[in-house]
Amino acid sequence: MTAAHRLAATTRGPGPTRLDPDTVAAPDPQHRAPVREQPLATTGAHPPLFAVLGAHGGAAASTLARWWAPAADTGPAWPASPESTQLVVVAARLCTPGLTAAADRLREWHAGLAPDGVQVIGLVLTPIRPGKVPAVVRRYRALVTDLAAAVYDIGWHDQLLEIELAQLAEFAPFDPPPSRRAGLRHTVPADVHRVGTQIITRLSATHLPAAAQPDSETP
């Protein structure tokens with residue numbers, strides 16, 4: 001059994017210690033995420049290791065799930081089925097509305113309002129446009145990211161404006177760092193590779209006791 005198989009087989013989540021629900025201001029019911037009851041689809045060689053949840057429309061969840069082969073796109077919904085992964089990375093744009101939506105998802109989870117089994121393992125932020133992030137957004141970012149176990153930043157990539165989603169290259173665990181000159185049809189950007197590696201490393205470290213057990217096929 002490969003390391004990827006062993007990681008996919010375990011369901012123990014690596015999320016942070018959840019805050020006391022009594023100390024969390026839960027979002028209003030109309031601002032809570034829907035729930036996905038059906039299992040996440042397996043589109044690659046192995047079941048997905050984690051799900052990408054878009055905190056709002058246009059959060060780049062589909063793009064991130066395409067780039068990271070071990071991920072599944074759960075849209076705006078919490079993955080409620082224990083038949084597939086319930087480890088969640090929340091995706092949001094780095095702007096005030098995006099951060100507000102991300103805060104809603106994180107507070108919702110900390111308040112115990114996500115389905116049983118869901119573990120939020122991180123927050124991924126992508127820019128809404130190229131250029132410098134306004135100071136007010138940077139200050140708000142610092143407040144919101146305190147709610148996340150890990151925060152990952154992806155930069156702006158112009159080529160996304162001209163390439164179909166299905167044409168994007170994919171990152172797989174243990175892939176070597178990409179060439180800087182290769183286009184997005186041939187390799188993922190360096191920051192996407194770096195963040196994908198960090199997420200997989202985090203999952204591997206947290207799941208180490210289960211992953212390190214001898215395979216049942218091994219004498």
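The dialogue below takes up the sheet and then the core.

Mentor: This is a predicted model, in which local features need pLDDT of at least 70, side-chain atom pairs count only at pLDDT 80 or more, and totals for chains, interfaces and linings use all residues. Residues are numbered from 1 along each chain as its sequence is written, and side-chain values use heavy atoms, with hydrogens and water left out.

Trainee: What is the order of the strands in the open sheet?

Mentor: Strands (E, at least two residues) and helices (H or I, at least four) are DSSP runs numbered from the N terminus, and two strands pair if DSSP finds at least two bridges between them. Here the 5 strands follow the order 3-2-5-6-7, with parallel pairing. Strand 3 (71–73) and strand 7 (151–153) each have a single partner strand, so one side of each is left without a neighbour in the sheet. Strand 2 and strand 3 are joined by 3 bridges, and Ala51 has Ala72 in strand 3 as its bridge partner.

Trainee: Which residues touch the most other members of the largest nonpolar core?

Mentor: Such a core is a set of buried Ala, Val, Leu, Ile, Met, Phe, Trp, Tyr and Cys residues joined through side-chain atoms within 4.5 Å, where buried means under 20% relative accessible area (1.4 Å probe, protein chains only). In this core of 28 residues they are Phe50, Val52, Trp68 and Ile199. Helix 5 (190–206) is one of the elements that supply at least two residues, and helix 5 gives the most, with 5 residues. Contact means heavy atoms within 4.5 Å, and Phe50 touches, among others, Trp68, Val89, Ile121 and Ile199.

Definitions and conventions: Buried means under 20% relative accessible area, exposed over 50%, partly exposed in between (1.4 Å probe, protein chains only). Lists of a residue's contacts leave out its neighbours within four places in sequence.
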